[in-house]
Amino acid sequence: MRLLLIRRHGRLITTSVLCCGNVTWASMLAIAEDREAVPVGNYELFWDYSEKEGWHFRLVQIGGTAVARILPFRLGKLPKCAFLPVMGFKNAAETPNLAFQRLMDRMEPYPGEDWKVEIMDLPPKTRRQPCKLAS
């Protein structure tokens with residue numbers, strides 16, 4: 001199944017949404033410095049488990065190595081090369097594990113599915129200049 005991760009880089013934080021078709025599956029946060037570490041392109045998505053991080057997802061470049069993870073949001077420092085599902089961008093610290101659990105629930109009905117993720121960047125926001133009226 002193909003997913004699309006659309007992200008917009010800010011000065012400190014990168015906001016992104018993970019979509020399946022035209023449905024948003026998750027909103028996510030990441031560190032803006034990871035722009036070069038996780039380049040635009042196609043990736044495979046795998047479930048993984050570790051004692052330190054528990055259940056999470058790994059993003060692997062097709063034919064390459066793991067470059068990023070999708071982890072449950074935990075208060076404190078944001079990990080490098082990780083996308084953290086959140087319920088909303090303004091209240092990211094509220095209900096931190098619920099967004100990750102919802103993402104897992106959306107993927108659960110598709111056991112054994114080959115997951116592909118395409119990462120795209122949106123252009124940065126620009127400030128609009130006020131209109132000047134002709135005199």
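## Trp-115 and its aromatic partner

Trp-115 counts as buried, because its relative accessibility is 5% (buried means under 20% relative accessible area, exposed over 50%, and partly exposed in between, with a 1.4 Å probe and protein chains only). Its ring pairs with that of Tyr-110: the centres are 5.9 Å apart and the planes stand at 80°, so the pair is edge-to-face. Tyr-110 has 32% relative accessibility and therefore counts as partly exposed.

For rings, the rule takes Phe, Tyr and Trp (its six-membered ring) and pairs them if their centres lie within 6.5 Å; planes under 30 degrees apart count as stacked, over 60 as edge-to-face and the rest as tilted. By this rule there are six aromatic pairs.

## What the model rests on

A friendly word on the source: this is a predicted model, in which local features need pLDDT of at least 70 and side-chain atom pairs count only at pLDDT 80 or more, while totals for chains, interfaces and linings use all residues. Residues are numbered from 1 along each chain as its sequence is written, and side-chain values use heavy atoms, with hydrogens and water left out.

## The barrel

Eight strands close into a barrel with mixed pairing, in the order 1-2-3-7-6-5-4-8. Neighbouring strands of this sheet are turned by 30° against each other on average, direction ignored. Here strands are DSSP runs of E with at least two residues, numbered from the N terminus, and two of them pair if DSSP finds at least two bridges between them. For the angles, axes are lines fitted to C-alpha atoms, and values run from 0 to 180 degrees between N-to-C directions.

Strand 1 (residues 2-9) and strand 2 (residues 13-20) run antiparallel and are joined by six bridges. Within this pairing, Arg-7 has Ser-16 in strand 2 as its bridge partner.

## Salt bridges between strands

Side chains of opposite charge can pair when their charged atoms come close. With a salt bridge defined as a side-chain nitrogen of Lys or Arg within 4 Å of a carboxyl oxygen of Asp or Glu, the count is four. One of them joins the side chains of Arg-7 and Asp-121 at 2.4 Å, N to O. This pair links distant parts of the chain, with Arg-7 in strand 1 and Asp-121 in strand 8 (residues 115-121), 114 residues apart. Arg-7 is buried at 2% relative accessibility, whereas Asp-121 is partly exposed at 31%.

Glu-44 and Lys-116 form another salt bridge, their closest N and O atoms being 3.0 Å apart. It links strand 4 (residues 41-50), which holds Glu-44, to strand 8, which holds Lys-116, across 72 residues. Glu-44 is partly exposed at 21% relative accessibility, and Lys-116 is partly exposed at 24%. Arg-58 and Asp-48 also meet through their side chains in a salt bridge (2.9 Å, N to O). Arg-58 lies in strand 5 and Asp-48 in strand 4, so this pair ties together parts that are 10 residues apart in sequence.

## Aromatic cluster and surface patch

Trp-47, Tyr-49, Trp-55, Phe-57 and Phe-100 form one aromatic cluster. Trp-55 sits in strand 5 (residues 54-61) and is partly exposed, with a relative accessible area of 46%.

Trp-47, Tyr-49 and Trp-55 also form a nonpolar surface patch, with about 350 Å² of accessible area together. Such patches are made of residues with over 30% relative accessible area and no salt bridge, nonpolar side chains (Val, Leu, Ile, Met, Phe, Trp, Tyr) being joined within 5 Å and like charges within 9 Å. The areas come from the Shrake-Rupley method with a 1.4 Å probe, and for residues only the protein chains shown count as cover.

Note on methods. Helices (H or I, at least four residues) and strands (E, at least two) are DSSP runs, numbered from the N terminus.
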